[in-house]
Amino acid sequence: MLNWLFGGKKASSRGVALDHIGIDIHSHIIPGIDDGAQTMEESVAMVSKMERLGYTHIVATPHVMWDCYRNTPQIIQSGLEEVRQACKAAGLSIEIDAAAEYFLDEHFGDLLDEGTQLLTLPGNRLLVELPYSTPLMNTSETLFSIIQKGYQPVLAHPERYTYFYSDPSVYKKLADQGCELQVNILSLTGYYGENIHKMARWLLKNKLITFLGTDAHKVQHLDMIQKSNSENWVSDYPFQNEKLVKIQRR
Ligand SMILES: [Fe+2]
């Protein structure tokens with residue numbers, strides 16, 4: 001019996017508890033550099049909510065998508081420092097680091113080819129995303145190149161790429177190729193619609209997911225997560241986030 005699916009631990013009276021997850025590896029909390037938080041006040045409110053959800057670590061992952069968000073390591077690191085200072089001033093003790101969510105565009109290919117040092121999650125993991133509407137022709141080759149360069153690819157929210165639905169075996173192929181998959185919490189609550197909800201559950205049922213992420217862009221996303229209940233929330237799946245906390249502490 002899959003006791004981690006549709007059952008197991010109950011959400012606490014304050015809503016869902018994410019203490020056992022420890023680290024969030026996908027969020028947009030650095031203000032004004034992508035479609036996430038727009039002000040420092042909003043950033044601090046988001047971090048405060050994440051701390052209350054039970055997280056001890058956050059890795060901010062601003063978009064690097066050259067058509068829309070031309071974020072460089074310098075821009076991200078300087079934004080991170082400002083967020084850290086504002087959170088400290090607000091009395092928050094959660095640890096905050098930064099990586100990026102790299103869109104697999106031409107610019108990303110150039111960065112990879114040039115050997116530029118990319119911003120990574122613990123364990124040299126690289127969070128990458130695909131387009132939502134049209135599949136890329138070279139996804140597999142790009143993932144191969146990422147691995148060749150010594151990074152461990154983590155694909156953000158695979159359940160949201162609906163063009164994969166006609167052949168879900170592609171998810172297994174990605175995992176077999178060495179790509180780790182990160183599901184969004186809000187996909188598991190039905191926030192993005194029923195089809196994405198079903199695919200997120202299917203991916204868990206087939207044990208294809210490695211990490212859980214908030215992908216929080218605004219305070220309301222975290223409110224939705226906080227309100228999610230045990231009926232539509234999976235709490236006992238063996239997510240590997242905690243492993244990354246240990247790597248971070250080394
Ligand atoms: Fe994201």
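Which residue stands opposite Tyr102 in S5? Val64 does. Before I go on, note that this is a predicted model.

Val64 belongs to strand S3, which covers 63–64. S3 pairs with strand S5, residues 101–103, in the parallel sense, and two bridges join them. These strands are part of an open sheet of six, in the order S3-S5-S6-S7-S8-S9, with parallel pairing. At its edges are S3 and strand S9, residues 211–213, and each of these pairs on one side only.

Now stay with Tyr102. Beyond its neighbours within four places in sequence, Tyr102 is in contact with Val64, Phe108, Leu118, Leu126, Leu127 and Val128. So much for the list; next, the core. The largest nonpolar core has 65 residues. Tyr102 is among those with the most contacts inside this core, together with Ile30 and Leu127. As general background, nonpolar side chains in soluble globular proteins tend to be buried together.

There is also an open sheet of three strands, S1-S2-S4 in order, and its pairing is parallel too.

Strand S2, residues 57–60, runs parallel to S4, and four bridges join the two. On this pair, His57 stands opposite Glu95 in S4. Across S2 and S4 lies helix H2, residues 73–89, which runs at about 170 degrees to S4.

That is the end of my part.

Methods
Residues are numbered from 1 along each chain as its sequence is written. This is a predicted model: local features need pLDDT of at least 70, side-chain atom pairs count only at pLDDT 80 or more; totals for chains, interfaces and linings use all residues. Two strands pair if DSSP finds at least two bridges between them. Two residues are in contact if their C-beta atoms, placed from the backbone, lie within 7 Å. Axes are lines fitted to C-alpha atoms, for helices over the stretch in contact, and angles run from 0 to 180 degrees between N-to-C directions. A nonpolar core is a set of buried Ala, Val, Leu, Ile, Met, Phe, Trp, Tyr and Cys residues joined through C-beta atoms within 7 Å. A residue is buried if 20 or more other C-beta atoms lie within 10 Å of its own, exposed if 12 or fewer, and partly exposed in between; C-beta atoms are placed from the backbone.
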